[in-house]
Amino acid sequence: MLLNAISGWFSMDMGIDLGTCTTLVCVRDEGIVLNEPSVVAVRKGTNIVLSNGEAVGLVAHEMLGKTPGSISAIRPLKDGVISDFEVTEAMLGCFIRKVHGSRGGLVRPRVVIAVPSGITAVERRAVIDSAERAGARRVYLVDEPMAAGIGANLPITDPTASMIVDIGGGTTEVAIMSLGDIASCESIRVGGNDMDEAVINHLKRAYNLLIGVTSAEKVKIQIGSAAPLEEELTMEVAGRDTISGLPRKILITSEEIREALREPIGTIVDTVTATLEKTKPELAADLIDNGVHICGGGSLLRGIDTVLANATGLDVYRVEDPISCVARGTSVYLENLELWKDTMDHSEHEWM
Ligand code: ADP
Ligand code: MG
């Protein structure tokens with residue numbers, strides 16, 4: 001205890017949201033200090049990270065799409081699980097050093113990492129090992145929906161139900177929590193990336209137009225929706241004609257993009273209702289008063305709250321700053337480790 005308190009002055013303890021799209025690091029008293037894409041640039045066919053292991057995050061992202069043949073970019077957490085341990089370790093190490101080093105931390109930091117609740121024991125161990133090898137003194141894992149609940153200020157330790165739907169890039173996590181524990185949860189490998197993919201497929205099928213993922217994401221953010229809009233939108237999008245092979249521009253509408261997004265959104269909605277169906281009646285009843293809280297970048301899609309409200313009959317609230325709430329939650333969790341010790345039981349926790 002005492003040792004931890006003293007070393008806390010010299011080390012820069014941090015909370016990390018290791019997302020499939022973006023990694024955020026939150027530090028006490030400072031808030032979000034790092035916000036970079038979860039991308040690593042490697043020499044093609046190897047695990048060798050470029051620029052002496054520093055081609056990570058924003059630096060690697062810049063290389064994406066413009067990479068010569070010998071370089072490839074890896075998203076090590078593609079579907080919410082660690083697909084490549086060495087690369088994940090390199091990425092975590094780079095981010096931890098960046099935050100710790102730039103703040104003059106002396107003692108190796110304690111780190112809380114939010115992980116998808118669906119990952120296996122082996123994957124949990126791998127995240128801990130990666131972070132330890134990356135320079136952390138001690139590593140604690142917290143389930144992502146818990147961190148989201150804490151970050152969103154939900155009463156997750158109270159004897160009442162709180163429900164979180166976190167729509168990320170590669171995954172969507174749905175969880176109902178009570179008394180500091182997860183009562184029921186579902187994690188699916190469907191998220192914002194699948195919406196981008198749906199936009200690409202639609203344009204290919206309807207117009208023979210090929211566009212990249214970056215353009216597809218722009219379309220989704222600019223005119224995408226899950227429910228009818230008061231004023232429907234249009235947008236010009238450029239790509240390559242699949243028949244002539246030449247560049248071409250077309251005008252698309254929010255109606256057709258909504259239709260294209262129907263499938264991934266339907267899967268997300270079904271997961272939410274399925275989670276409710278397997279929840280104890282008393283907890284489900286609490287949600288009539290407490291509602292459902294949505295977060296993650298995907299929760300910013302227009303009308304997704306309306307669609308979820310219609311499907312569940314519950315009030316749906318988008319949390320404040322939905323993209324950073326998991327990271328903020330990890331930082332609060334770190335400040336209150338002793339408190340969580342009583343309410344949570346995670347085997348990887350080693351208490352001093
Ligand atoms: P992760 O936790 O998996 O890293 P995030 O919570 O950061 O993911 O969410 C990333 C996803 O959110 C991406 O698919 C991105 O396109 C999507 N997104 C971000 N902003 C918006 C928006 N305004 N509308 C719709 N989707 C969005
Ligand atoms: Mg996330």
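**View 1. Helix α5 lies across β1, β6 and β7 in this predicted model.** The helix runs at about 145° to β7. It spans residues 121-133, 13 residues in total. From its first C-alpha to its last, α5 reaches 18 Å, close to the 18 Å expected at 1.5 Å a residue. G135 follows the helix, with a positive phi near 115°.

**View 2. Buried residues of α5 pack against strands and a helix.** The buried positions in α5 are E123, R124, A126, V127, I128, S130 and A131. Their packing partners include three strands: β1 (14-18), β6 (110-115) and β7 (138-143). Helix α4 (85-102) is also one of the elements they pack against.

**View 3. Five strands form an open, mixed sheet.** The strand order is β3-β2-β1-β6-β7. β3 (31-37) and β7 are the edge strands, and each pairs on one side only. Neighbouring strands of this sheet are turned by 20° against each other on average, direction ignored.

**View 4. β1 and β2 run antiparallel.** Strand β2 covers residues 22-27. Four bridges join β2 to β1. Within this pairing, L24 of β2 is the bridge partner of D17.

**View 5. Helix α13 lies across the strands β1, β2, β3, β6 and β7.** This helix comprises residues 325-335. α13 runs at about 145° to β1.

**View 6. T275 is buried in helix α10.** The helix covers residues 262-277. T275 counts as buried because its relative accessibility is 0%. Leaving aside residues up to four places away in sequence, T275 touches V174, I176, S184, C185 and E186.

View 7. A disulfide requires two cysteine sulfur atoms within 2.5 Å. The cysteine sulfur closest to that of C94 belongs to C21. C94 is buried, with a relative accessible area of 5%. C185 is in no disulfide either. The nearest cysteine sulfur to C185, that of C295, is 14 Å away. C185 is partly exposed, with a relative accessible area of 27%. C185 is also one of the residues that T275 touches.

Terms used
Residues are numbered from 1 along each chain as its sequence is written. Chains are lettered from A and ligands numbered from 1 in the order in which they are written. This is a predicted model: local features need pLDDT of at least 70, side-chain atom pairs count only at pLDDT 80 or more; totals for chains, interfaces and linings use all residues. Side-chain values use heavy atoms; hydrogens and water are left out. Helices (H or I, at least four residues) and strands (E, at least two) are DSSP runs, numbered from the N terminus. The expected span of a helix is 1.5 Å times one less than its number of residues. Buried means under 20% relative accessible area, exposed over 50%, partly exposed in between (1.4 Å probe, protein chains only). Contact means heavy atoms within 4.5 Å. Two strands pair if DSSP finds at least two bridges between them. Axes are lines fitted to C-alpha atoms, for helices over the stretch in contact, and angles run from 0 to 180 degrees between N-to-C directions.
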